[in-house]
2 protein chains.
Amino acid sequence: MESDYGLPRELSHMQHARSLYKPQLPPCLEGTTVRVEFGDATTAVDVSGASAISQSFPHTYGQPLAHFLRATSNVPDVQVITEHPAIRVGLVFCGRQSPGGHNVVWGLHEALKIHNSKSTLLGFLGGSEGLFAQKTLEITDDVLATYRNQGGYDLLGRTKDQIRTQEQVNAALAASKALKLDGLVIVGGVTSNTDAAHLAETFSQAKCSTKVVGVPVTLNGDLKNQFVEANVGFDTVCKVDSQLISNLCTDALSAEKYYYFVRLMGQKASHLALECTLQSHPNMVILGEEVVASKLTIFDITKQICDAVQARAEQEKYHGVILLPEGLIESIPEVNALLQEIHRFLRQGSSKDKIPSQLSPWASALFQFLPPFIREELLLYLASDDSAQLSQIETEKLLAVLVEAEMSKRLKEGTYKGKKFTAICHFLGYQARGSLPSKFDCDYAYVLGHICYHILAAGLNGYMATVTNLKDSLNKWRCGAAPITAMMAVKEYGRASGSMTIGKPVVHPATVDLRGKVYEVLKQNATKFLMEDMYRNPGPLQFDGPGADSRTVSLHIQDLDYMGRIKELNAYLDKVRSIVKPGCSQDILKAALSAMSSVADVLSVMSSPSNGTI
Amino acid sequence: MESDYGLPRELSHMQHARSLYKPQLPPCLEGTTVRVEFGDATTAVDVSGASAISQSFPHTYGQPLAHFLRATSNVPDVQVITEHPAIRVGLVFCGRQSPGGHNVVWGLHEALKIHNSKSTLLGFLGGSEGLFAQKTLEITDDVLATYRNQGGYDLLGRTKDQIRTQEQVNAALAASKALKLDGLVIVGGVTSNTDAAHLAETFSQAKCSTKVVGVPVTLNGDLKNQFVEANVGFDTVCKVDSQLISNLCTDALSAEKYYYFVRLMGQKASHLALECTLQSHPNMVILGEEVVASKLTIFDITKQICDAVQARAEQEKYHGVILLPEGLIESIPEVNALLQEIHRFLRQGSSKDKIPSQLSPWASALFQFLPPFIREELLLYLASDDSAQLSQIETEKLLAVLVEAEMSKRLKEGTYKGKKFTAICHFLGYQARGSLPSKFDCDYAYVLGHICYHILAAGLNGYMATVTNLKDSLNKWRCGAAPITAMMAVKEYGRASGSMTIGKPVVHPATVDLRGKVYEVLKQNATKFLMEDMYRNPGPLQFDGPGADSRTVSLHIQDLDYMGRIKELNAYLDKVRSIVKPGCSQDILKAALSAMSSVADVLSVMSSPSNGTI
């Protein structure tokens with residue numbers, strides 16, 4: 001089978017046209033010289049976990065941020081790297097395929113060859129399994145020919161994809177040594193990048209010279225933090241899903257007789273559901289984060305939907321579209337508790353048939369209340385990251401069944417007087433994941449691939465490639481690298497995070513910030529969306545003409561450019577220093593002292609461990 | 001609720017850009033003069049049913065074909081219509097929404113206003129129900145502003161949409177009289193166009209001056225015959241579905257662990273499944289027509305898929321994509337017989353709970369063998385055209401369950417030695433139906449709208465608007481009209497056609513021609529598609545740049561331009577006549593006589609009722 005990987009293949013007219021597209025490079029990556037500026041040493045976002053993290057990562061914690069600068073930049077302490085010996089780099093796809101992944105390979109290959117035509121890029125075949133087994137494909141222009149700007153991970157494939165057990169880590173180390181790799185690039189989401197950080201630390205400890213680099217590629221869009229604005233694949237999947245959701249809205253409005261319940265991929269966090277809502281304006285979305293914050297039970301959610309259906313019926317509206325993230329099921333407190341019990345038994349090796357009789361009385365009562373198809377799905381074996389198989393649990397069907405039962409009850413009791421409620425269920429995920437990547441994802445992934453080379457050229461280990469200012473045009477993108485440990489936190493308890501991550505330093509998926517600007521936009525419009533059918537069709541993904549250069553709505557709204565703002569702060573500090581030079585007046589010194597002492601007080605209180613926001 | 005129809009609404013950037021697109025007109029529709037040429041009187045495609053059809057349609061059967069000609073055309077018997085009094089026309093959307101429907105309204109409105117600014121177009125609100133209740137919206141440029149080139153039927157809405165019972169026909173007649181309509185345009189598929197033909201006959205009989213015109217708009221693509229090459233909406237839906245199928249193929253190939261079972265909308269015929277296969281090259285497709293022709297049982301089909309899975313496993317391939325048309329379930333002989341029994345009981349008013357105990361022994365045995373979810377779905381109430389609710393029967397899930405069981409059995413018995421078979425099911429339909437229409441569907445629908453006016457200006461009743469030579473560029477499209485009765489046939493028996501159509505003249509859905517060129521292409525490639533993963537992604541629907549002007553694969557392969565070829569034949573006949581003029585040699589006369597008498601013999605044998613191809 002491996003012999004099929006990387007074979008040239010017949011492309012459709014459109015695939016061929018896309019394969020000819022060549023993304024540009026931001027000025028800071030142009031040319032054959034790497035110019036890197038180091039920032040301050042990083043801390044971890046999780047103040048209370050910082051010491052635990054530094055203990056787990058003695059060699060890789062606390063490294064500085066890195067920025068790559070353009071040739072014309074006028075910064076004093078820039079390290080300029082002009083010598084580029086030939087190097088050998090390995091790349092592995094980890095976890096769910098995400099549109100754009102192939103362009104990381106392309107970008108890295110290009111960067112390697114530009115700096116030294118004798119450098120080599122090896123792709124591992126079949127994901128982490130290929131890494132352990134040292135199965136590689138040398139990336140060449142010929143190999144890439146039919147994979148540039150194409151979707152999927154089929155150039156190299158992927159498998160279960162974890163690099164976590166001692167055995168797996170040792171196999172990765174052995175492979176890196178045997179293949180004489182100078183760098184190992186891991187393409188994936190939160191779990192894979194956590195694995196990358198651990199590998200980097202282990203390699204460093206073992207005096208292995210292979211540097212490990214992570215790349216944020218995940219359609220979930222949940223690898224977000226101060227350093228990472230967006231993930232490769234999210235833009236495409238949101239656009240494909242939003243098109244389909246909008247089509248369903250139009251369909252609902254034309255026939256006026258169905259409610260569409262649409263579940264979206266995206267794992268625990270609801271970023272995808274939120275973005276699609278902002279792109280296509282369906283009537284309702286229920287975010288997992290809202291459910292957690294308000295501790296809504298499954299009956300609360302059912303009632304909320306039924307009340308919405310009833311309010312619409314009073315305006316003679318018998319159709320609608322309701323979005324649900326796949327992580328919703330885990331966010332419902334009592335279902336989550338039930339899942340925890342089931343998972344404990346599964347981990348102990350109990351068989352599916354026996355678990356129902358082993359449950360605690362209340363969990364058993366809830367379990368028996370649920371329709372048979374959901375019971376079956378809740379008992380499924382755990383996913384490779386030790387959490388529930390969210391894609392297989394039909395939450396949309398569960399809610400449709402419950403809402404239908406409640407509406408029938410209301411109809412009988414006479415509290416609802418409208419037409420019969422009819423729901424049709426959809427799950428959108430697999431059909432978007434393999435899409436041709438959007439121009440944005442093509443560009444972003446290609447640039448990240450180039451950055452990987454820059455990171456390796458600068459000799460950095462345990463870093464993730466980053467681009468900030470993504471909402472601006474490509475020539476204003478800022479390229480850099482951040483230590484993965486700086487994105488970590490330690491959770492001592494948590495909802496459904498998979499037991500393996502509790503108490504350990506990991507990169508956690510970012511959930512939707514209910515105090516953030518993106519969610520605020522949803523809140524402001526929720527009532528209008530619900531009642532007024534403000535359906536909006538962003539149209540199919542375009543590669544030419546209007547819409548081809550659009551970005552996600554979230555990207556435009558979010559408070560981004562964390563690193564830019566740190567620079568801005570530094571500029572203020574420098575300015576104070578330049579004003580309060582020896583020789584300045586007593587009054588100015590007094591004012592500065594008083595102001596700065598109060599600033600320092602406020603900030604130290606805010607950042608003490610007990611105030612940690614994680 | 002009706003007050004919401006036709007309201008201006010907020011459009012996305014892409015929707016707005018599309019709303020500014022203006023299709024061109026073929027030369028034959030340009031200007032302010034209508035030039036119509038009448039062909040020979042038509043017969044019915046169904047030779048054996050011709051007399052029954054002529055009896056049912058005494059006023060509208062046997063009318064000639066009509067062609068609309070360009071101003072510069074040089075044809076002798078053209079009727080030139082230069083006077084265009086103001087007329088009033090009603091338009092109604094019937095049946096499932098299909099992308100492009102709105103452009104029929106736009107085209108007709110434009111044509112009316114070009115020829116007389118005082119003409120009026122009334123849209124009926126809420127489909128046929130609106131027609132019966134005389135609820136209308138006057139179409140204006142303002143009303144159309146945000147609906148040009150947009151998907152769905154939400155400008156006017158639609159309901160159950162049949163115009164068939166005496167009461168319904170009378171209501172339509174009353175509405176046409178009360179509103180003083182000169183024309184009534186019915187936009188829909190086979191059922192709705194059959195209804196249109198009956199209305200035309202009834203109106204004519206009742207000396208009502210309203211002329212009835214049908215427009216072929218159905219995503220099923222099954223309103224195909226000598227006069228109709230394609231249906232509005234089919235192109236868009238095939239493109240949207242093919243994109244999603246291709247994404248699933250890429251996804252399957254990236255993860256290498258799933259089989260995707262994909263059911264496609266499209267009613268009884270498998271045109272959509274066939275076209276999507278040619279666009280995206282999935283591993284397998286099972287057409288309803290093949291199952292009928294080979295009388296495959298559900299066990300045969302299961303075995304066929306299992307053998308394919310096994311053959312692929314032997315090449316280390318554990319993934320794949322299998323397409324199934326929604327009509328497949330009715331094509332399986334024993335399931336069809338079961339459905340017929342169930343439907344008989346449903347029509348007699350039996351309740352769902354009682355039917356299982358009323359079934360004949362063998363039907364009962366099959367019913368009990370099927371998984372519970374399918375039993376439930378087979379018992380669903382009949383659709384408005386008196387056939388099964390195909391969209392609600394999860395054939396893909398049924399086959400996935402059966403294949404999984406069989407593969408587990410083979411694994412246990414040791415006849416299959418590969419990895420566990422895992423299937424994930426999809427139904428594609430609703431999410432494509434509401435799409436922004438492709439450029440082709442925008443153009444085609446707009447042109448058909450113009451033709452509707454030409455038909456009314458020529459005073460024709462019971463005709464369908466037609467465009468031929470569609471595979472060529474728009475300026476070579478040939479516009480005309482054909483009597484709907486010429487597309488009818490009488491079936492004395494048939495598979496699952498809904499009892500109402502048996503023994504009556506109706507326009508039947510065209511099924512995939514297993515002797516046709518399109519199917520031949522599939523056959524030639526089936527083995528390669530199955531084994532070699534020749535997945536091909538046509539990409540998302542494009543409005544600009546490469547791919548924006550593409551058409552369906554079928555349109556390019558089919559033997560089309562029936563009317564063009566009739567003209568060609570007439571030219572040959574004329575040529576013989578011109579050669580064999582009085583004065584020609586005896587030898588030439590003798591040769592001509594002998595040749596023509598044998599041609600006449602052959603054709604009369606071929607077209608005798610016992611050789612009818614219906």
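Here are a few questions and answers on a helix pair and the cavities in this predicted model.

User: How are helix 8 and helix 9 of chain B set to each other: roughly parallel, roughly perpendicular or oblique?
Analyst: Look at the axes of helix 8 (residues 234-255) and helix 9 (residues 271-280) of chain B, which come within 9 Å and cross at roughly 55°. Angles under 35 degrees count as roughly parallel and 65 to 115 as roughly perpendicular. The two helices of chain B are therefore oblique.

User: Is the crossing of helix 8 and helix 9 of chain B left-handed or right-handed?
Analyst: These are the chain B helices whose axes cross at roughly 55°. Their crossing is right-handed.

User: By class, which residues make the contact of helix 8 with helix 9 in chain B?
Analyst: Helix 8 of chain B brings in residues including B:F234, B:V237, B:I245 and B:C249. From helix 9 of chain B come B:H271, B:L272, B:E275, B:C276, B:Q279 and B:S280. By class, that contact has seven nonpolar, five polar and three charged residues.

User: How much space lies in the largest cavity?
Analyst: The structure holds ten cavities of 30 Å³ or more. For the largest cavity, the space is about 120 Å³.

User: Which elements give two or more residues to the lining of the largest cavity?
Analyst: That lining has 13 residues, with A:E229, A:A230, A:F234, A:T552 and A:L555 nearest the centre. By class it's four nonpolar, five polar and four charged. The elements giving two or more residues are helix 8 (234-255) and helix 21 (553-557) of chain A.

Definitions and conventions:
Residues numbered from 1 in each chain as written. Chains lettered and ligands numbered in written order. Predicted model: local features only at pLDDT ≥ 70, side-chain atom pairs only at ≥ 80, totals over all residues. Heavy atoms only, no water. Axes fitted to C-alpha atoms, helices over the stretch in contact; angles between N-to-C directions. Helix = DSSP H or I, 4+ residues; strand = E, 2+ residues; numbered from the N terminus. Parallel < 35°, antiparallel > 145°, perpendicular 65-115°, else oblique. Left-handed = near helix turned anticlockwise from the far one by under 90°. Contact = heavy atoms within 4.5 Å. Nonpolar A, V, L, I, M, F, W, Y, C, P; charged D, E, K, R; others polar. 1 Å grid on protein atoms, 1.4 Å probe; cavity = no way out; pocket = protein on both sides within 12 Å on 5 of 7 lines; lining within 4 Å. Points joined across faces, edges and corners; volume = space filled by probe spheres on them.
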